[in-house]
Amino acid sequence: MRRAVTIILLIILALGISRSLAKIPFGAHKTKVGKYYINEGIEETGATNIVTSVVLNYRGFDTLGEITVLFIAAIGLGAVLTTNVKGETRKIQPASLVLYTGCRLLFPLILVFGTYIFIHGHLTPGGGFQGGAIIASGFLLIYLGCRERRINRVASNLIESLGGLTFVLIGLLGLVFGSYFLLNFLPKGTANTLLSAGIIPIIYIAIGFKVGSELTSIIDNLIEES
Amino acid sequence: MIIVVSFLIVLMLIGAIAASIFRDLISAVIAAALVSLIAAILFYFLQAPDVAMAEASIGAALTAAIFIIAVRRTKRYEE
């Protein structure tokens, strides 16, 4: 009985969602603001990746909120999971030679790739969040392959805090040099070069470090506990 | 092109159904990671490489790892 009711409710929900989704004109330039970003984004912000110019320039304040959410999640997880397990050292089963060697070989490449993604966030697809996640997956590989290695928690927390501070300070400098928070006060430079787009690459590098260290510390907390 | 996309969507649906009916939770997590991976490929086809990158690294790698760690702490098989 309950099953039948659930299935009927789900079918009604699916019908409603599909009917409302069918009304959205996918692929059409419908909104004025979307057209504006596509036409004027490159000249106004200097970033050739329009997604980045929206995320960090037009909607930079929202990004600050997103980072804060991630920060609070990491803090909460750390508060729940961190316990005093100083004295007890469990026997860790070492990984096989193939896994160990493979991880050590792949780890620097993954790190370089993640760094490339967030440094070139204003030119090519990607950015601080993606690069940070890739770096964290590299550290996950190290946790799986080199079982006894641990990250330095103090350094990780320091990098995380410095990344967040850099973002907020650059935003406040916008208030000093101009009129509003997160104003792009640095020269834009020529588009499609590495040193362009003003404050966008600096903020994305800060976000990359911050997200990478945050996700790594989440993984560290979870693995330490298990 | 449309054949490739249809094949991927069918594979994604199979992965999603498998994730919900598997009794072995590790297999269910792998099936869910497959759904994320195919979603990333579809995002790339829809010309959203930024989202595809985030989906592949977070959805397929980090979330699966966190779920596997959680399953290891609890029970592997569902009753």
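The structure is a predicted model, in which local features need pLDDT of at least 70 and side-chain atom pairs count only at pLDDT 80 or more, while totals for chains, interfaces and linings use all residues. Residues are numbered from 1 along each chain as its sequence is written, and chains are lettered from A and ligands numbered from 1 in the order in which they are written.

Chain B has 3 helices and 0 strands, where helices (H or I, at least four residues) and strands (E, at least two) are DSSP runs numbered from the N terminus. Its C-alpha trace spans about 40 × 25 × 10 Å along the principal axes. Of the 79 residues in chain B, 27% are buried; a residue is buried if 20 or more other C-beta atoms, placed from the backbone, lie within 10 Å of its own, exposed if 12 or fewer, and partly exposed in between.

Helix α2 (residues 25-45) of chain B packs against helix α3 (residues 49-73) of chain B at an angle of about 175 degrees, with the axes 8 Å apart. Axes are lines fitted to C-alpha atoms, for helices over the stretch in contact, and angles run from 0 to 180 degrees between N-to-C directions. The angle makes α2(B) roughly antiparallel to α3(B), a term for angles over 145 degrees.

Two contacts can be set out by residue class, with contact meaning C-beta atoms, placed from the backbone, within 7 Å. Ala, Val, Leu, Ile, Met, Phe, Trp, Tyr, Cys and Pro count as nonpolar, Asp, Glu, Lys and Arg as charged, and the others, Gly among them, as polar. In the contact between the chains, 13 residues of chain B meet 16 residues of chain A.

| Contact | Classes |
|---|---|
| Side of chain B that touches chain A | 9 nonpolar, 1 polar and 3 charged residues |
| α2(B) with α3(B) | 18 nonpolar, 2 polar and 1 charged residues |

In chain A, G60(A), T63(A), I67(A) and A74(A) of α4(A) are buried. They cover an arc of only 55 degrees around the axis, taken from the directions from the helix axis to the C-beta atoms, which puts them on the same side of α4(A). The face turned away from the buried side carries exposed residues, including F61(A), D62(A) and V80(A).

R150(A) lies in the loop between α6 (128-145) and α7 (153-177) of chain A, and counts as exposed because it has 12 C-beta neighbours inside 10 Å.

Definitions and conventions. Angles under 35 degrees count as roughly parallel, over 145 as roughly antiparallel, 65 to 115 as roughly perpendicular and the rest as oblique.
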